[in-house]
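Visitor: I am new to this structure. Please show me how to read a few of its features.

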Amino acid sequence: MECSSSMSFVQPPQKSVDLVRPHAKSRPTRKNVSMSIISRRYGIFSKDAGTLLRKNMKILRQIVLQDTTNFTKVWAMHSKSPIAYESGRIYFENYRCCYSSCPSKPQFLYELPKRTKAEKLEDALLCQCPLSEALSKPSDQNPCLLALAADNWLYRFSIKTGEQLQKVYLSPHHKFRYLGWDVSQETFYIKSVQNKQTPLVRQAGVDQSTLLYLAVFKVVPLELVGVLEISRRVFGCSVVDVILSQGVLAVSYSSKVVKLYSFENIVQKYTTKKLVLGERCEWNGVWATIGEPPFGIPVNISISDDIPVLFEMSCFNNGIQIGGHPWHYIFTPNNKRHQGTHHICSLQDGSLAKNGIQDMNCCSLESDWIYFHPDDSGRIIHVGPSTINVLKILKTQECCSQSEVVPEFSITAHRVNNQTASKDSVTSSGRVVKRRYHQLDDDPGQETFRMVEYEDELDLLAVVEVMNTEEEGKAHVCLHDNQTGMFKKKVPLVESWDVTYSHKLFFDLETIIHIEQKKHNQFCCHVYKITCRRPD
């Protein structure tokens with residue numbers, strides 16, 4: 001039962017015989033899972049969809065975190081090719097074979113026809129259906145898989161049946177290889193392989209000013225924005241790569257400089273002709289259908305002069321991140337004395353925030369990493385071998401225009417001090433050799449953070465800790481409250497964890513999925529589900 005947050009201190013009349021007993025509790029109580037489910041059954045919850053979803057996620061969170069709930073390994077499958085996971089779907093054999101991870105054990109959904117090496121699917125994105133508008137085609141109203149094939153075909157498949165919904169031929173001239181989101185579930189881009197300037201080509205005098213091509217589309221329904229050429233004549237001879245994110249074209253240079261450009265401005269100013277998929281048009285005196293062989297999609301965005309730079313920064317490893325409230329960016333200056341540090345600066349004027357230089361001061365084989373929190377809170381997560389710091393950006397009291405980085409909470413690995421590792425060594429001549437570092441912070445014999453995943457619907461952080469014994473590495477997943485960092489649950493993983501190979505871990509509601517690479521280029525997918533036991 002819930003009570004009001006306000007309390008009345010009015011004394012009831014002395015002669016009254018039907019007095020109402022005041023509430024005995026002085027603080028709000030939490031409903032257990034059984035009471036919440038009973039309340040939902042009798043319609044006590046609001047019928048508003050958002051409220052009902054929040055209540056359901058709160059119930060599921062309580063079930064996941066209670067002491068009588070365990071994560072049990074229910075399924076595993078090996079593969080000779082990389083394994084991918086996205087929103088309840090596990091993909092094998094280059095996205096050709098699909099399993100659903102939603103049931104108590106993963107179930108087979110569909111298998112696409114076998115393809116040759118020249119036709120195999122190389123990259124894919126999962127596209128969700130829009131909820132705000134009704135579309136003309138019923139197939140556009142359902143989620144689909146956008147898949148890029150090695151022969152330059154872009155496909156749309158139903159994620160339920162694998163049925164081919166649409167296909168677009170990209171180009172007979174440019175080899176497209178990578179898919180990525182510009183604006184998630186709104187705009188995506190396809191990037192071609194790079195044209196390398198080899199010494200033989202330069203000696204022959206062949207002009208290879210083009211670095212790569214970008215094809216940009218809107219999703220649901222699939223619409224072409226345009227195909228853009230990234231030319232060394234326009235962006236400079238030292239350009240090495242580009243990506244598209246949130247409407248910004250980020251260009252990286254070999255000089256460790258990153259420049260940001262407005263992609264909207266480029267489209268508006270330099271689009272030579274509007275192209276529509278499936279329509280016939282004339283291009284350089286040739287009539288052809290856009291998106292069909294052998295024509296494909298021509299380059300219709302041609303930059304002919306210098307374009308204004310929104311932002312420019314010199315940084316180590318061409319790495320820069322933008323986010324926070326208000327807008328800030330994180331980078332490591334391109335200077336040896338700053339390596340290992342992360343600088344947090346205001347995007348408005350470039351000023352360094354107070355306490356804006358974050359340094360783990362750790363000695364480890366693998367470097368720490370930092371990024372803006374994916375929960376859109378504007379916070380920052382800084383992960384080291386044994387410490388995770390969650391930081392937030394505030395405006396200083398002294399000056400409203402200056403910001404300050406303050407710690408919100410920290411998570412520390414469960415470590416045991418190793419006294420033997422800190423002892424100095426003595427040579428045969430009796431000379432004492434003092435250790436400069438007693439032990440690496442990511443020493444295999446100590447609990448070390450390897451991954452941090454965020455489950456947005458349960459508002460939990462899943463932290464992977466790994467420790468190597470003499471025989472093998474063992475890992476467990478610790479669940480922490482996303483708002484306070486408080487430890488909630490520990491989930492041991494049954495399989496060993498070899499730190500010399502790549503790993504991916506996904507925490508999706510009541511499911512934990514671990515995808516690992518093994519020896520001889522083998523891969524394996526392990527699936528864990530919650531099981532409940534009766535209390536003792």
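Guide: Begin with a strand pair: β17 and β18 (residues 286-289) run antiparallel and are joined by four bridges. Two strands count as paired if DSSP finds at least two bridges between them. Strands are DSSP runs of E with at least two residues, helices are runs of H or I with at least four, and both are numbered from the N terminus.

Visitor: What kind of model is this, and how are residues numbered?

Guide: The model is predicted: local features need pLDDT of at least 70, side-chain atom pairs count only at pLDDT 80 or more, and totals for chains, interfaces and linings use all residues. Residues are numbered from 1 along each chain as its sequence is written, and side-chain values use heavy atoms, with hydrogens and water left out.

Visitor: Which residue in β18 is the bridge partner of C281?

Guide: The partner is A288. The two strands form a hairpin with two residues between them, and N284 in the turn has a positive phi of about 55°.

Visitor: How do I read the two faces of a strand?

Guide: In a regular strand the side chains alternate between the two faces of the sheet. In β17 (residues 280-283), C281 and W283 make up the covered face, while R280 and E282 make up the uncovered one.

Visitor: Where else is there a positive phi?

Guide: One case is D459, a residue other than glycine with phi near 55°. D459 is in the loop between β29 and β30. Another is E93, also not a glycine, with phi near 50°; E93 lies in the loop between β3 (89-92) and β4 (97-100).

Visitor: Is D459 buried or exposed?

Guide: Buried means under 20% relative accessible area, exposed over 50%, and partly exposed in between, using a 1.4 Å probe and protein chains only. D459 has 19%, so D459 is buried. E93 is partly exposed because its relative accessibility is 38%.

Visitor: What does E457 touch, leaving out residues up to four places away in sequence?

Guide: Contact means heavy atoms within 4.5 Å. By that rule E457 touches M57 and L509. E457 and L60 are 397 residues apart in sequence, yet their C-alpha atoms are 9.5 Å apart.
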